Amino acid sequence: MAIDWYMDFVEIGYKPAGDELICLYYFEPAEGISKEEAVGRVASESSTGTWTTLFTLPPRMKDLQATAFEIDGNFAKIAYPLALWEEGNAVQLMSGIAGNIFGMKALTNLRLVDVTLPPAYLQHFKGPHFGNDGIRDMMKVRGRPLTGAVPKPKIGFTAKEHAEVGYETWMGGFDFVKDDENLTSTSFNRFDERVRLMTKMRNKAEQETGERKSAFINITADTETMKKRAQQLADAGWNYAMIDVVVAGTASVMTMRDYCSDLGLAIHAHRAMHAAFDRSPKHGITMQFLAKLMRLVGVSQIHSGTAVGKLVGTKQEATLIADVLREQKTKGFGTMLLDQDWGRIKNAFPVSSGGLHPGLVPDVLDIYGPDLVLLVSGGIHGHPKGTRAGAEATMQAIEAWQEGVSLEEKAKSAQALAQALEKWGHHKPV
Ligand code: CAP
Ligand code: MG
């Protein structure tokens with residue numbers, strides 16, 4: 001008597017219906033398990049199956065089963081019937097396609113690469129509130145990257161010191177001052193006090209420059225506290241809130257998306273902890289998938305890597321993540337990306353950050369083009385003449401890229417840039 005029914009979830013050559021969700025996985029079967037059986041097990045555990053045959057299995061269950069329909073080397077595609085998924089509940093989707101399956105003994109490795117979300121699934125999500133055009137209108141910045149910096153040291157400043165560094169950052173020409181991921185409301189830098197002083201300094205910088213200035217102030221906490229903090233930001237006239245979206249969790253991001261949207265706040269998504277599940281090329285979840293999930297639940301921008309800075313991530317990954325966030329339609333790309341049509345869902349900005357300085361700006365812009373949020377933090381505060389000069393040098397490096405001249409050429413008439421190049425050159429930090 002058969003004790004399992006995993007092979008019922010495999011039909012190579014099956015043509016998925018237009019309203020099915022398609023997942024692409026990288027997989028490695030454990031010893032003694034065939035590829036077909038391994039993917040059958042993934043399809044089973046992520047949809048309706050269990051480890052053994054059942055006494056009762058109503059025939060209609062067949063309609064809810066996932067089907068593994070393509071195996072190419074160690075990559076497989078699985079189709080999931082639309083009816084498996086609750087409308088508008090991205091958390092439930094994760095419990096299926098990114099749930100128990102990562103722990104199955106029958107596989108030594110499993111990586112969720114990407115998912116194609118059909119229009120019938122997308123229709124229950126709102127996506128980002130503003131879209132990139134809306135953000136540009138709000139910030140009154142066109143034709144160049146939006147720029148920002150995190151005060152460094154990353155935690156330790158009092159609220160007053162923090163706001164003063166923020167002021168210097170804005171005065172050097174940057175649009176945003178960003179809180180660091182581990183700065184929320186500590187004994188030496190309380191959220192309320194930081195908002196109060198940052199608001200004062202923002203008003204001063206706006207008055208003195210005539211430009212729109214903003215900040216990604218970190219509201220990360222339990223969801224109820226985040227709501228209070230978002231309200232405080234809106235009351236003080238801010239247009240953004242920042243959330244550490246991975247550690248806070250998809251459910252709270254979903255709640256905060258609607259809450260922030262009602263308050264007119266865009267969400268800056270920091271991705272701290274992402275590398276715990278996306279760094280291994282064999283196991284876990286890709287950053288492309290996380291970016292897709294976060295656009296779906298409506299953040300306005302999310303960190304996407306630099307390829308040339310201090311943190312892991314390749315050029316190709318950065319480009320694909322940027323496509324997932326910015327484009328209305330993406331075409332499948334080898335074993336890294338699937339087709340996606342976002343329909344009416346607005347787009348989001350990639351955010352390039354981590355180990356950048358003026359000397360690396362052209363490399364980053366070559367990868368992303370001008371439609372991104374560029375964060376240069378240590379790379380402005382470590383400038384030989386200080387934060388303001390560091391921000392100026394970065395803006396000059398952006399101009400050089402736009403003018404199509406080398407940084408060295410530009411530096412002949414741009415003193416701050418010349419000083420930055422003297423210190424860092426084109427150094428790629430490790
Ligand atoms: C960058 C940063 C960002 C990282 C996050 C930091 O500072 O503030 O959190 O960029 O990584 O704390 O390291 P520097 P990612 O510019 O001084 O390096 O963008 O890859 O998610
Ligand atoms: Mg940081």
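Let's begin inside: Asp 114 is buried, with a relative accessible area of 0%. Here, buried means under 20% relative accessible area, exposed means over 50%, and partly exposed is in between, using a 1.4 Å probe and the protein chains only. Before going on, note that this is a predicted model, where local features need pLDDT of at least 70, side-chain atom pairs count only at pLDDT 80 or more, and totals for chains, interfaces and linings use all residues. Residues are numbered from 1 along each chain as its sequence is written, chains are lettered from A and ligands numbered from 1 in the order in which they are written, and side-chain values use heavy atoms, with hydrogens and water left out.

Back to Asp 114, which sits in strand S4 (residues 107–116). Helices (H or I, at least four residues) and strands (E, at least two) are DSSP runs, numbered from the N terminus. What does Asp 114 touch, once its neighbours within four places in sequence are left aside? The list is Ile 22, Cys 23, Leu 24, Phe 289, Lys 292, Met 336, Leu 337 and Leu 338; contact here means heavy atoms within 4.5 Å. With Leu 338 there is also a polar contact: a polar atom of the Asp 114 side chain lies 2.7 Å from the backbone nitrogen of Leu 338. A polar contact is a pair of N or O atoms within 3.5 Å; within protein, one must be able to donate a hydrogen and the other to accept it, and residues adjacent in sequence count only if both atoms are side-chain atoms.

Thr 286 belongs to the loop between strand S10 (284–285) and helix H11 (287–297). Not counting residues up to four places away in sequence, Thr 286 touches Arg 111, Leu 112, Val 113 and Asp 278.

Thr 169 is part of helix H5 (residues 159–171), and at 1% relative accessibility Thr 169 counts as buried. The Thr 169 side chain reaches back to the backbone oxygen of Val 165, at 2.8 Å. Beyond four places in sequence, Thr 169 is in contact with several residues, including Ala 149, Phe 174, Ile 380, His 381 and Ala 391.

Now for helix H2 (residues 90–97). Which of its residues are buried? They are Ala 90, Leu 93, Met 94, Gly 96 and Ile 97. These residues cover an arc of only 165 degrees around the axis, so they are on the same side of H2; the arc is that of the directions from the helix axis to the C-beta atoms. At the N-terminal end, Asn 89 caps H2, with a side-chain oxygen 3.1 Å from the backbone nitrogen of Val 91.

There's a metal to meet, too. The magnesium ion (ligand 2) is coordinated by Asp 180 (OD) and Glu 181 (OE), at 1.9 to 2.1 Å. Donors are N, O and S atoms within 2.8 Å of the metal (3.2 Å for Na, K and Ca), and since water is not among the atoms, sites may look incomplete. Both Asp 180 and Glu 181 are buried.

Most residues other than glycine have a negative phi, and most peptide bonds are trans. The bond from Lys 152 to Pro 153, however, is cis, with omega near 5 degrees; Pro 153 lies in the loop between strand S5 (146–149) and H5. Lys 140 has a positive phi, near 55 degrees, and lies in the loop between helix H4 (131–139) and S5. With a relative accessible area of 66%, Lys 140 is exposed. Met 273 has a positive phi of about 95 degrees, and at 48% relative accessibility Met 273 counts as partly exposed.

Finally, step back. The protein has 17 helices and 15 strands. Its radius of gyration is 23 Å, close to the 22 Å that the globule rule gives for 430 residues, so it is as compact as a globular protein of that length. That radius is taken over C-alpha atoms, and the rule is 2.2 Å times the number of residues to the power 0.38. Buried residues make up 57% of the 430.
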